[in-house]
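Work through the exercises below with the sequence and the structure side by side. Try each task before reading its solution.

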Amino acid sequence: MSYIEIKNLTFSYNEKTNVLEDVNLEINKGEWIAVLGHNGSGKSTLAKTLVGLLEPQKGEISIDGLVMNDEFAYEIRKKIGIVFQNPDNQFVGVTVRDDIAFGMENLCVPREEMLEKISFYAEKVNMLNFLDSEPANLSGGQKQRVAIAGILAMQSDIIIFDEATSMLDPFSREELIKYIKTLHQDGLTIIMITHDINEALLADRILVMNKGKVYAFEDTEEIMKKKSIFTDSHLELPVSLDLANALTDNQEYKEIREKLWEYALMK
Amino acid sequence: MGIRFNEVSYGYSSFAQGLYTAIKDINLEITEKNEFIALVGHTGSGKSTLAKHMNALIFPTSGTLEIFGHTITNKRNKKIKYNDIRKKVGLVFQFPEYQLFEETVEKDIMFGPMNFKITKEEAKKLAKQSLNLVGLDDSYLSRNPYNLSGGEKKRVSIAGILAMDPDILVLDEPTSGLDPAGKRILMDLFKNINETTGKTIVIITHDMDLVYQYFNRVLVMNDGHLVFDGKTEVLFQKEDLTDYHLDYPNTIKVLKYLNQELNLNMNVFQKTNAEALAEIKRAVRL
């Protein structure tokens, strides 16, 4: 049994069109999954159903053997955290300290333990010197890291990043990616929704959503060989692989193609 | 005419940082016709502060700012009709979709022009025109803006600014959060508006691939200073952009890697994948 199982999931906001249609997925513990798809393909809706923010009309989600229903939703929510696109939409505390504490307060973690955890996880995301800072004085990347600390403090072991880097400048983005890599190494399960193909290349597997359906779900290296999956889904391959695919199997390009692949898969 | 910054600085005091200078000694000229300019720089570099000066949304703390013949200083001048400036220079904020508030798309687009003393009929006509200009058909006029997709909302909000028919359009990260296809559609749209109407367009972006492919002129902000104002090609030919906190476009990065790994001597300055491909083929044939 996989760590995350999604069976026949269908969701719609109105009766006319399904935003998600018969989605079936299995994700293993500790995997890093990237989710790609055009605007409106259902990526974010999928994320919201996974954390129990939206209730599907049909189908079933189970995490670590627990089925998402009224009985277990509370248990499941503890296991899974989400970092949204806009850092300002999720910063609820007055200070960094308050913000990290927020999730634990809801779980009634004792004060002493809470204080310890705040320092521990603030340090983990390199925000220990900012515990008393207000959100107005933090950069977008710093706010995203505080959100991660808050999730880690709840001992969640699945984190969904819903385009969490798209509002950041290139350097903050790179920094956040660095943290995601460490989380992955620590054994957390990462689900990263992104429009950035270069980010997606870091994942173990890539899920391509297209009009609410799972269009492809394969190993990163395998899926990158199939250009049609990307063109069919209005996505673009990374520059290096677009070039590699365009250079025919002709022997004289062999070396270049190998180097282009090497470049694309550098982690 | 157009916009001219003369030694413009802007500072504010905040609780945490004390007196903070967001932009320092800026000298800059933007003409009112046919320019297509990218404004880049790291977070906190002063890009947005610079943009807000362009339609006198904020006033310089020191230095002077000339916008279409009006001279803006640190004091509000009763003789200046700031509304006229806002009509000449349209500013589209980041996430303009948050600013949609009317119950139909048509009303939302009409809101701006109605502030400039025109009849309802004229405003309706403008709404329709500018909606078409952003690539949406008339069926959208009666729709509720809240039920549109992210990309559609962005377009409606841009149409709202276009309806005021500004000479200069300044957009703060208009493509963020869009998928690659959506980005290109929007950029093609801006380029098209620029070419067909001659309006000057200034776009803030972090996407160096877009900068390289679409823009001739680029402004680089770094720690409040305007550190580069010139041709896009010249910027990316620089040996090192780390001082500017900038990255290179992907085509350049990939070709540089190939040159280095395979001891090739390709010209790495190729804007599109097709151009990069042609260069690789040329190099291999040698």
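**Exercise 1.** Which residues are linked with Arg173(A) in a network of salt bridges?

Solution. Before starting, note that this is a predicted model, in which local features need pLDDT of at least 70 and side-chain atom pairs count only at pLDDT 80 or more, while totals for chains, interfaces and linings use all residues. Residues are numbered from 1 along each chain as its sequence is written, chains are lettered from A in the order in which they are written, and side-chain values use heavy atoms, with hydrogens and water left out. A salt bridge is a side-chain nitrogen of Lys or Arg within 4 Å of a carboxyl oxygen of Asp or Glu. By this rule, Arg173(A) is linked in a network with Asp196(A) and Glu199(A).

**Exercise 2.** Find which parts of chain A are tied together by the salt bridge of Lys29(A) and Asp157(A).

Solution. Begin with the side chains of Lys29(A) and Asp157(A), which meet at 3.2 Å, N to O. Next, place each residue: Lys29(A) lies in the loop between strand 2 (20–27) and strand 3 (32–37), and Asp157(A) in the loop between helix 5 (140–153) and strand 7 (158–162), so the pair ties together parts of chain A that are 128 residues apart in sequence. Helices (H or I, at least four residues) and strands (E, at least two) are DSSP runs, numbered from the N terminus. Finally, Lys29(A) counts as exposed because its relative accessibility is 53%, where exposed means over 50%, buried under 20% and partly exposed in between, with a 1.4 Å probe and protein chains only.

**Exercise 3.** What do the buried residues of helix 11 of chain A pack against?

Solution. First list these residues, which are Ile256(A), Lys259(A), Leu260(A), Trp261(A), Tyr263(A) and Ala264(A). Within chain A they pack against helix 8 (220–223) and helix 10 (239–246), and in chain B against helix 9 (250–262) and helix 10 (273–285).

Technical notes:
Contact = heavy atoms within 4.5 Å.
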